[in-house]
Amino acid sequence: MDGQVFKKLLEEIAEKIKENRQFLTDLDQVIGDGDHGINMDRGFSKVLEKIPSMPDDVSMCMKQTGMTLVSTVGGAAGPLYGTAFMKAGDAIKGKEEVGVGEAILMMDAAIQGVMKLGKATTGEKTMLDSLVPAYEALKECLEAGKEAKVCFVEAVEAAEAGVEYTKTIIATKGRASYLGERSIGHQDPGATSSLVILTVIRDFLA
Ligand code: ADP
Ligand code: MG
């Protein structure tokens, strides 16, 4: 994928986030403060506006996307997703095209960034519960020599299972942690928005 193709993917991510605005907000209404879809859509709408002026360079697009998210998205998710995109962009600096190897590097860097900033790990009912299993599935699949599009199908399946898993656990990070045991039974909005993004990548590659 080169910079131009990547911009198309970014546009599709922004569109899908908009489509899921209400759904993500409804999920956050139950265990948070009901703004996750609004936050994500605000950020990605701004990204969508900026795409035409971004350079045709995947790394730079990722970095500018991250900076836009940090500066326009309120709440916890803005800085966390912003960092994820910026770190992913840094991980592939100078590369004109990104392939499967770069996808692994980007996702790894994004996850490390979220973990560090959010002081979080898996099992805390956050976006990490879909991102980490997706990353692990992707890596395993690519190492087994399978095609990228097949591996993204597997990554999305792992993220879906991760979102299901968030229903079974107590939130220990973010606003949902205020609910304690009452957070059980509800899926995490951030894990769900990560699943939405991964699903767009899967469909784009297909
Ligand atoms: P806020 O909680 O500030 O209202 P959002 O509603 O936009 O922000 O985002 C909430 C989501 O952010 C949660 O569903 C969770 O997935 C994610 N999140 C919150 N805190 C953390 C953290 N410390 N590390 C990783 N993800 C987190
Ligand atoms: Mg919220």
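How much accessible surface does the chain have, and what share of it belongs to carbon and sulfur atoms? The total comes to about 9,400 Å², and 54% of that belongs to carbon and sulfur atoms; these areas come from the Shrake-Rupley method with a 1.4 Å probe.

Before I go on, a word on what we have here. This is a predicted model, where local features need pLDDT of at least 70, side-chain atom pairs count only at pLDDT 80 or more, and totals for chains, interfaces and linings use all residues. Residues are numbered from 1 along each chain as its sequence is written, and side-chain values use heavy atoms, with hydrogens and water left out.

Now the fold. You'll find nine helices and zero strands in the chain, counting DSSP runs of H or I with at least four residues as helices and of E with at least two as strands. Along the principal axes, the C-alpha trace spans about 45 × 40 × 30 Å. Buried residues make up 49% of the 206, buried being under 20% relative accessible area with a 1.4 Å probe, protein chains only.

On to the cysteines, friends. A search of the whole structure finds one disulfide, meaning a pair of cysteine sulfur atoms within 2.5 Å. The bond joins Cys141 to Cys151, with S to S at 2.3 Å. Cys141 sits in helix α7 (residues 128–143) and Cys151 in helix α8 (residues 148–166), so the pair ties together parts that are 10 residues apart in sequence. The torsion about the S-S bond is about -80°, so this disulfide is left-handed. Both Cys141 and Cys151 are buried. Cys61 counts as buried too, because its relative accessibility is 0%.

Conventions: Chains are lettered from A and ligands numbered from 1 in the order in which they are written. Buried means under 20% relative accessible area, exposed over 50%, partly exposed in between (1.4 Å probe, protein chains only).
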